Amino acid sequence: MYSPIPVLNELKDLHDSAGDFLADGFELYDYDDKGRFPAELSDPEFLSRVIPFAQANGSGSTYAIWRSSDEPDLALLPVVVFGDEGGEQVVARDFREFLRLLGFDAEITVDHDSAYYYRDENDGHSGSHEDFVEWLRERGLTPSEDPDGVVAAAQEIYGERFRAWITPFYEKAGWA
């Protein structure tokens, strides 16, 4: 078993069987691989509240589940992104919303002030995009047509709380 999250296990099966990327820049890696975070963020309290699971873009940003509460169903917790050049943002209120973001099929851009998905209308889709869209539909989901709205909704609910939670760890690491 890849993870304790059934839909993430199903995504892993699809990911492993796909001949190409499901979504631009997205690639699953070992579930809860804490080595994805810099050594400066080795505080056990920090590491106990984030579960990295995927590469977010071609330059190395990381998606993680944020244990914002003691909710036992990890799929109901927010998904965050840690930018490869700094910046960290809440991108989805839960894993289902996150899957819809992936369906948009665009790399995420992350900085200290925002996270957003941009896809030019002339951009082609990832090689296994259609398989992924079908997989989403089988689960009652559709690709997001408004990824900025999904991110904004997640930020509205969790953004300030995430910032307040993470700031002391960044201060301790000498990054704030």
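Two strands are counted as paired if DSSP finds at least two bridges between them, and helices (H or I, at least four residues) and strands (E, at least two) are DSSP runs numbered from the N terminus. The model shown here is predicted, so local features need pLDDT of at least 70 and side-chain atom pairs count only at pLDDT 80 or more, whereas totals for chains, interfaces and linings use all residues. Residues are numbered from 1 along each chain as its sequence is written, and side-chain values use heavy atoms, with hydrogens and water left out.

View 1. Five strands, in the order β1-β2-β3-β4-β5, make up an open sheet with antiparallel pairing. Its edge strands, β1 (27-28) and β5 (88-92), each pair on one side only. Strand β2 (residues 50-55) runs antiparallel to strand β3 (residues 62-66) and is joined to it by five bridges, with I51 standing opposite I65 in β3.

**View 2. Helix α3 on the sheet.** Helix α3 packs on the sheet and touches β2, β3, β4 (79-82) and β5 (contact means heavy atoms within 4.5 Å). The direction of α3 makes about 95° with that of β5, where axes are lines fitted to C-alpha atoms, for helices over the stretch in contact, and angles run from 0 to 180 degrees between N-to-C directions.

View 3. Rings of Phe, Tyr and Trp (its six-membered ring) pair if their centres lie within 6.5 Å, and planes under 30 degrees apart count as stacked, over 60 as edge-to-face and the rest as tilted. A search of the whole structure finds 20 aromatic pairs. One of them is the tilted pair of F95 and F98, at 5.4 Å centre to centre and 45° between the planes; both residues lie in helix α3 (residues 95-103), three residues apart, about one turn of the helix. F95 and F98 are both buried (under 20% relative accessible area; exposed is over 50%, partly exposed in between; 1.4 Å probe, protein chains only). The ring centres of F162 and W165 are 6.0 Å apart with the planes at 25°, so this pair is stacked. Both F162 and W165 belong to helix α5 (residues 147-172), and F162 is buried at 1% relative accessibility, as is W165 at 17%.

**View 4. Buried residues of helix α1.** In α1, the buried residues are L8, N9, L11, L14 and H15, and they pack against β1, β2, α3 and α4 (129-138).
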